[in-house]
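Hello,

Here is the structure for you to take over. Please open it first, then read my notes below.

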Amino acid sequence: MKVRAKAGDDNLATVYIAENEKGNVIEFAQSLQPPFPREKKWVFLISTLYGCPVKCDFCDAGGFYSGKLSKDEIMFQINYLLKEYDADKFNCEKLKIQFARVGEPSYNDAVIEVLKEIKFNIKKHNLYPSLSTVAPASCALFFEKLAGVKKTLYPKTFQLQFSIHSTDPEIRDKIIPVKKWSFKEIADYGEKFYDEGGRKITLNFIYNPDFKSDAEVIKKHFSPDKFLIKITPVNPTYKAVSNKLVTEFQYKEDVWFELLRKEGYEVIISVGELEENKIGSNCGQHITNYLRNKEKISESYTYRVVSIG
Ligand code: SF4
């Protein structure tokens, strides 16, 4: 595995393109959350598949699919970032390692092995692993293993996110076109996955008024004691733009957030750093740009793609 390109700003977010010996390409990223310095809070975004077979309507990662990363290829991304930023010279209070870049992570059992390996090999930093999934119905065995690792190694620090996006099953099927767990199955799993004093399970909705989410459906299935709601904008990826899904983020006008708050749910509005859109650090966006323009510098980005390997 070799890093081929880097884009971004070391003090905000950088994205790396790496290629294996077969010519398969991945991207991974690191970001900070100003004003916190790297010693306080640092985020890695790690890929688990070469592309993604799910092909969500808004995600550039689903533009192609050519297989799973090995455990070593996943570890390569983590170790590369640790080395690049001299991480052996400081202790990070909260190093979030998010399996949330390119690829639905539950399709790759190597993720489970990586979760075990980092627990025993990365001692200098406090690890907060996290995994975002659309809950594919075919991955029950992966989720069983994940619950085992979480309860044994990360009972208080692991963050699990189910990316649901709509409470309307038809709309959910349209934007995430793969057979998925029902809300009841997600709720049942989440109830068992949750540990007292640990992190609540996130239900993520990318915000688009046409996705028609309903507070009553959430209330029916998910307890506010164990689940929280995170609203994020539809980032302007190539695919989201071409599917006309990017909207103004007028969350204040949307009543279902307030309804949920009144019912005791924690509702997080996570707009993110607008600068990240400029550097293409949204999921799959950078890799698409790289594959389209190999060797060329993209004019659509503020920052240059720099060949470093
Ligand atoms: S959002 Fe996740 S599951 Fe959907 S295509 Fe992108 S990487 Fe795959």
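Start with the aromatic side chains. One cluster is formed by Phe142, Phe143, Tyr154, Phe158, Phe162, Trp181, Tyr189 and Phe193. Keep in mind that this is a predicted model.

Aromatic pairs

The count of aromatic pairs in the structure is 20. One of them joins tryptophan 42 and phenylalanine 44. Their ring centres are 4.7 Å apart and their planes meet at 85°, so this pair is edge-to-face; the cut-off for that class is over 60 degrees. Tryptophan 42 has 0% relative accessibility, so it counts as buried. Phenylalanine 44 also has a relative accessible area of 0% and is buried.

Strands

Strand S7 covers residues 94–99. How many of its six residues are buried? Five are, so the strand is mostly covered; buried here means under 20% relative accessible area.

S7 has strand S4 (residues 41–45) as a partner. Five bridges join the two, and they run parallel. Within this pairing, lysine 96 in S7 has valine 43 opposite it.

S7 is also joined to strand S8, residues 127–133. Again there are five bridges, and the strands are parallel. Glutamine 98 has serine 130 in S8 as its bridge partner. To get from S7 to S8, the chain passes through helix H2 (residues 110–121). This β-α-β crossover is right-handed.

A charge over a ring

Which ring does the charged end of lysine 94 sit over? The ring is that of tyrosine 128, and the charged end is 5.1 Å from its centre.

Ligand

The residues around the ligand are Cys52, Val54, Lys55, Cys56, Phe58, Cys59, Ala61, Gly103, Glu104 and Val134. By class, seven residues of this shell are nonpolar, one is polar and two are charged. Lys55 and Glu104 are the charged ones.

Over to you.

Best regards

Technical notes: Residues are numbered from 1 along each chain as its sequence is written. This is a predicted model: local features need pLDDT of at least 70, side-chain atom pairs count only at pLDDT 80 or more; totals for chains, interfaces and linings use all residues. Side-chain values use heavy atoms; hydrogens and water are left out. Rings of Phe, Tyr and Trp (its six-membered ring) pair if their centres lie within 6.5 Å; planes under 30 degrees apart count as stacked, over 60 as edge-to-face and the rest as tilted. Buried means under 20% relative accessible area, exposed over 50%, partly exposed in between (1.4 Å probe, protein chains only). A charge sits over a ring if NZ of Lys or CZ of Arg is within 6 Å of the ring centre and within 35 degrees of the ring normal. A residue is near a molecule or strand if one of its heavy atoms lies within 4 Å of it. Helices (H or I, at least four residues) and strands (E, at least two) are DSSP runs, numbered from the N terminus. Two strands pair if DSSP finds at least two bridges between them. A crossover is right-handed if, with the strands pointing away from the viewer, the path from the first strand over the helix to the second runs clockwise.
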